[in-house]
Amino acid sequence: MKLKDGFELRTICNEKVLIACGLENIDFSHMVAMNESSAYLWEQVAGKDFDADTLADLLCQEYEVDRATALLDANKLMEEWRTCGIATD
């Protein structure tokens with residue numbers, strides 16, 4: 001999976017949000033709110049290919065979470081990013 005180009009992670013009123021930038025995302029009409037862990041993962045994989053194992057490894061390194069839970073969360077997050085149109089296979 002890869003994050004789509006043209007999105008910037010910004011902090012607005014102490015909240016992390018993704019903002020669409022550039023002409024390729026002109027029809028993207030909403031902001032995506034990110035919690036602390038999803039923003040961390042976004043920053044870590046920006047510009048790289050990744051999979052659920054990559055995200056799970058990052059979660060285990062940064063947070064006190066077991067591997068099975070991290071992998072479940074990683075798969076769920078990847079599906080949410082696909083659905084939002086901010087990542088692609």
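Begin by selecting strand 2 and strand 3, which form a hairpin with 2 residues between them. Zoom in on the turn: cysteine 13 there has a positive phi of about 50°. This is a predicted model, in which local features need pLDDT of at least 70 and side-chain atom pairs count only at pLDDT 80 or more, while totals for chains, interfaces and linings use all residues. Residues are numbered from 1 along each chain as its sequence is written, and side-chain values use heavy atoms, with hydrogens and water left out.

Strand 2 covers residues 7–12 and strand 3 covers residues 15–20; they run antiparallel, joined by 6 bridges. (Strands pair if DSSP finds at least two bridges between them; helices, H or I of at least four residues, and strands, E of at least two, are DSSP runs numbered from the N terminus.) Which residue of strand 3 is the bridge partner of phenylalanine 7? Select alanine 20 to see that partner.

Pick leucine 18 and its bridge partner in strand 4, valine 32.

Move on to helix 1 (residues 36–45) and helix 2 (residues 52–62). Their axes come within 10 Å and cross at roughly 120°. (Axes are lines fitted to C-alpha atoms, for helices over the stretch in contact, and angles run from 0 to 180 degrees between N-to-C directions.) Helix 1 and helix 2 are therefore oblique to each other; angles under 35 degrees count as roughly parallel, over 145 as roughly antiparallel, 65 to 115 as roughly perpendicular and the rest as oblique.

Show side chains at this crossing. Ser37, Tyr40, Leu41, Gln44 and Val45 in helix 1 meet Thr54, Leu55, Leu58, Leu59 and Glu62 in helix 2, where contact means heavy atoms within 4.5 Å.

Stay in helix 1 and select serine 38. Is this residue buried or exposed? Serine 38 is buried, with a relative accessible area of 7% (buried means under 20%, exposed over 50%, partly exposed in between, with a 1.4 Å probe and protein chains only).

Finally, zoom out. The protein has 3 helices and 5 strands, in the sequence pattern β-β-β-β-α-α-α-β. Colour by burial: buried residues make up 34% of the 89 residues.

Definitions and conventions:
Pairing = 2+ DSSP bridges.
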